[in-house]
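I opened the model and kept notes as I went. The entries below follow the order of my look-ups.

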Amino acid sequence: MADTVTCVDDLQRLARRRVPKIFYDYVDSGSWTESTYRANEVDLGQLKFRQRVGCNVDMIRTAATLLGRPCSLPVALAPTGLAGMIHADGEILAARAAARFGVPFTLSTVSICSIEDVAEHVAEPFWFQLYMMKDRDFIVRLIERARNAGCSALVLTLDLPLQGQRHKDVRNGLSVPPKLNLRTLSTMMARPAWCARMLGTRRRTFGNIVGHAKGVTDTFAFAEWVSRQFDRTVTWDDIGWIKRHWGGRLIVKGILDADDARRAVAAGADAIIVSNHGGRQLDGAPSSISALPAIAAAVGQQTEVLMDGGIRSGQDVLRALAWGAHGVMIGRAFLYGLGALGEAGVTRTLELIHKELESTMALCGITDVADVGRDAIVTTAPVAASARPENACRLAGESGLSVIAWFEQLIRQGDI
Ligand SMILES: Cc1cc2nc3c(=O)[nH]c(=O)nc-3n(C[C@H](O)[C@H](O)[C@H](O)COP(=O)(O)O)c2cc1C
């Protein structure tokens with residue numbers, strides 16, 4: 001089956017058929033109008049490659065170093081909560097696929113499999129992502145657990161002082177484990193293989209939290225706990241506190257502004273991740289790719305700059321590198337692989353990205369990924385998707401304008 005999958009879109013289609021709607025929608029959604037979620041992909045697609053010929057491209061090198069670790073690709077798996085609900089034991093399977101492929105895996109605070117469980121099943125050290133919670137004793141213990149499990153970097157996510165709302169999750173009544181009412185039962189029964197695998201694992205709740213946070217002995221107590229735990233008071237002053245407790249490499253995730261990038265570096269970040277949480281937090285924020293050049297110019301010489309949001313192919317990896325990233329993270333791209341085919345699906349995602357990156361480099365006349373620069377792209381700056389005639393139909397449809405009216409408006413504004 002994996003051999004007939006030709007691109008990440010194929011994996012997405014398969015995942016839609018195999019994962020219960022409630023969890024598929026959890027992945028394939030953004031906050032509110034989903035405008036930032038869409039912009040991440042659309043704006044990447046605006047960057048056109050500079051085709052070169054007459055170069056010897058017999059040998060292509062994609063190997064890179066991320067946070068001091070040699071990788072087969074400048075790609076890491078992003079932290080994603082609930083991956084163990086997309087496929088039974090999802091975090092272990094994804095971490096194993098990443099380790100075999102030679103790229104870093106990041107475990108979310110709100111994973112289903114616990115830190116210890118993943119460490120027990122995967123030999124390669126992974127990164128651990130931290131959400132700041134008000135219960136600082138719990139955070140100190142969580143950091144200790146990550147250190148004891150051999151995690152090689154801590155990814156501190158700062159763009160979630162409160163949770164963005166995804167309308168689909170509200171309508172679907174998303175909860176973990178899913179509420180067993182007629183509606184959720186019928187969506188799960190429609191995916192019998194998923195149900196059978198879920199019944200066959202003991203990992204069905206938040207492994208890092210349930211049984212570890214004070215008073216959180218079951219999933220229902222967790223829901224209550226988490227709703228009042230996200231800490232809105234976090235400032236740059238807290239980074240020092242985290243660094244002291246962690247003592248290792250610290251990556252700050254959720255940077256979309258050059259000033260914030262400078263603050264992160266000043267606070268001691270070893271790397272930053274340019275990210276809008278895959279369009280799941282501040283709807284209306286710019287796409288990650290459009291925010292990247294200014295941030296890379298501000299701090300790219302002092303720190304490692306990773307970027308995520310909308311990466312669905314090796315071509316997108318090349319676009320992000322050309323725009324100043326040292327590496328990228330992928331979220332949905334690997335989750336679709338996981339939902340479609342489990343561990344083999346995550347491997348397939350990575351194989352596809354690798355092959356697409358190699359081919360695109362060759363056709364751009366680039367033989368070493370370390371040599372990718374701005375000159376790989378023919379445009380000088382990413383153009384806002386809304387200002388592009390090729391998006392006129394879609395956007396006009398959304399805003400209720402006719403295509404003609406839309407063009408007239410663009411001409412009046414002097415955009416075309
Ligand atoms: C289903 C899902 C769950 C996520 N959970 C987390 C999380 O627990 N912690 C975090 O820092 N980011 C989380 N993210 C954001 C990702 O780390 C990453 O920023 C985003 O997925 C990148 O966009 P992409 O999915 O288009 O690649 C999540 C994203 C998705 C799609």
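**Asp 316**

I started with the contacts of Asp 316, leaving aside neighbours within four places in sequence. Asp 316 touches Leu 44, Gly 310 and Ile 311. Two residues are in contact if their C-beta atoms, placed from the backbone, lie within 7 Å. I placed Asp 316 in helix 15, residues 314–322. Helices are DSSP runs of H or I with at least four residues, strands are E runs of at least two, and both are numbered from the N terminus.

Is Asp 316 buried or exposed? Asp 316 is buried, because 27 other C-beta atoms lie within 10 Å. The cut-offs are 20 or more other C-beta atoms within 10 Å of its own for buried, 12 or fewer for exposed, and partly exposed in between, with C-beta atoms placed from the backbone. I also checked the C-alpha separation of Asp 316 and Gly 45, and found 7.8 Å for residues 271 apart along the chain.

**Ground rules**

I noted that residues are numbered from 1 along each chain as its sequence is written. The model is predicted: local features need pLDDT of at least 70, side-chain atom pairs count only at pLDDT 80 or more, and totals for chains, interfaces and linings use all residues.

**Whole chain**

I counted 18 helices and 10 strands in the protein chain. Of its 416 residues, 47% are buried. I then took contacts between residues at least 6 apart in sequence; 72% of these join residues at least 24 apart.

**Helix 3**

Which residues of helix 3 are buried? I found Thr 36, Tyr 37, Ala 39, Asn 40, Val 42, Asp 43 and Leu 44. Their cover includes helix 14 and helix 15.

**Helix 1 on helix 16**

I looked at helix 1 (residues 8–18) and helix 16 (residues 332–363). Their packing angle is about 165 degrees, with axes 10 Å apart. Axes are lines fitted to C-alpha atoms, for helices over the stretch in contact, and angles run from 0 to 180 degrees between N-to-C directions. The angle makes helix 1 roughly antiparallel to helix 16. Under 35 degrees counts as roughly parallel, over 145 as roughly antiparallel, 65 to 115 as roughly perpendicular and the rest as oblique.

The crossing of these two helices is right-handed. A crossing is left-handed if the near helix is turned anticlockwise from the far one by less than a right angle, and right-handed if clockwise. On the helix 1 side I listed Val 8, Leu 11, Gln 12, Leu 14, Ala 15 and Arg 18; the helix 16 side includes Ala 333, Tyr 336, Gly 337 and Arg 348. The contact holds 8 nonpolar, 5 polar and 2 charged residues. Here Ala, Val, Leu, Ile, Met, Phe, Trp, Tyr, Cys and Pro count as nonpolar, Asp, Glu, Lys and Arg as charged, and the others, Gly among them, as polar.

I followed up Gln 12 in helix 1. Gln 12 is buried, since 20 other C-beta atoms lie within 10 Å. Its C-alpha atom is 9.1 Å from that of Asp 28, 16 residues along the chain.

**Helix 5 on helix 16**

How do helix 5 and helix 16 pack? Their angle is about 15 degrees, with axes 8 Å apart. The two helices are therefore roughly parallel. Helix 5 passes helix 16 in a left-handed crossing. From helix 5, the residues that meet helix 16 include Gly 90, Leu 93 and Phe 101; their partners include Phe 334, Leu 338 and Leu 350.

**Ligand shell**

I counted 24 residues around the ligand; Ala 78, Gly 81, Ser 108, Gly 278 and Gly 331 come nearest. Near means a C-beta atom, placed from the backbone, within 6 Å of the molecule or strand. By class, the shell has 8 nonpolar, 12 polar and 4 charged residues. Helix 2 (21–27) and helix 16 each supply at least two residues of the shell.

**Positive phi**

I checked two non-glycine residues. Phi of Glu 34 is near 65 degrees, and Glu 34 sits in the loop between helix 2 and helix 3. Glu 34 is partly exposed, with 17 other C-beta atoms within 10 Å. Asp 89 has a phi of about 60 degrees and lies in the loop between helix 4 and helix 5. Asp 89 is buried, with 23 other C-beta atoms within 10 Å.
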